[in-house]
Amino acid sequence: MDYVSFASDYMEGCHPAILELMRATNRDQHAGYGTDKICASARAHIQEACACPNAAVHFLAGGTQTNACVLDALLAPWEGVLAATTGHIATHEAGAIERSGHKVIELAGERGKLPADRVREAAAAWETDANHDHMVRPGVVYISQPTEYGTLYTLEELEGLRAVCDEYDMRLYVDGARLAYALACDVNDVTLSDLARLADAFYIGGTKCGALLGEAVVFPNPSTCPQFFTLTKQHGALLAKGWLLGMQFEALFCDDLYLRVGRPAIEAANAMRRAFEERGYRLMFDSPTNQVFVELDDATARSLAEHVGYSFWEKTDRGHTIVRFATSWATTQEDVATLGRLL
């Protein structure tokens, strides 16, 4: 039986539309560092999609690099960033934010999300502490859409976080590594224009959403970080062949492809959930997006791993493990059927 992997959503190369654009322009010459015509066109497409014509758009190569650069730009030297304990910057980025000199201030989340009232409590605790001049000030609220648990913030929840940030002079930053899967999800009510209206900065994920590589950082107000280009250079994150990054988003934002590219992943994940539930497996976290979390007994997990790739998440007890299956833009219903037969 063929091996099929659901270990992550960046296992495949890229959407055929990107390959075709790369092939058609392969011998063209371009200016460096994102100053080329392809990047300019991709920026214009993103500005239009976000209903934010004056937004500053920058292209970087990967998610951790993007988070490190953006948070370094948004935070003053004496400030830290509030994040859920399960947030990517708190768990799976090897201390990249701390390495830049900024503390990640972890708060307990709910199903991967930071509730506005919990953020307000943390901000108020710093403000009312008589010794706060000796303490790291919360300067940015970090969230991801979807979360690490595959859950989604509602528009109401995002508006609540925006209100708290305004109340305590903090900035809101949204990690959109898997944003295409949020936008394609049936229960999602947050649009790109909502993010541009509510966030001080966010990024549109490409690496996990059909691109060969790349993330598009959006500052709805360009004055938020007017020297971001220079800061990325300091971080070693400014790609000489910047047109390669712009090309990913030129293709993904042509004819609204980015709004549709995640749909096969959602359909495959929904079919996968049904397959697990029909066979009596316990689903975790109530994720509606492209990440499916399921509890397996260890014997089943070992047997399944011979034919199916998945990611370890956490142990629940000595005999059971929560594992993650991630679908992608390229996942087929045949892939899910293979998993069903193995189960």
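**Exercise 1.** State which residues lie nearest the centre of the second largest pocket, and which elements supply its lining.

*Solution.* Start with the centre. Y33, R43, F59, F229 and L238 lie nearest it, among 16 lining residues. A pocket is an open set of points on a 1 Å grid over the protein atoms alone, where a 1.4 Å probe fits, with protein on both sides within 12 Å along at least five of seven lines; lining residues have an atom within 4 Å of a point. Next, the elements. α2, β2 (56-60), α10 (228-234) and α11 each give at least two lining residues. Helices (H or I, at least four residues) and strands (E, at least two) are DSSP runs, numbered from the N terminus.

The model is predicted: local features need pLDDT of at least 70, side-chain atom pairs count only at pLDDT 80 or more, and totals for chains, interfaces and linings use all residues. Residues are numbered from 1 along each chain as its sequence is written, and side-chain values use heavy atoms, without hydrogens and water.

**Exercise 2.** Describe how α2 and α11 pack.

*Solution.* Take the geometry. Helix α2 (residues 37-49) and helix α11 (residues 242-252) pack at about 35°, axes 8 Å apart. Axes are lines fitted to C-alpha atoms over the stretch in contact; angles run from 0 to 180 degrees between N-to-C directions. Now the contact (heavy atoms within 4.5 Å). I38, C39, S41, A42, H45 and I46 of α2 meet G242, W243, G246, M247, F249 and E250 of α11.

**Exercise 3.** Find the strand that gives the most to the lining of the largest cavity.

*Solution.* Strand β5 (residues 137-144) does, with three residues. In a cavity, the probe fits but cannot get out. Y142, I143 and S144 are among the lining residues.
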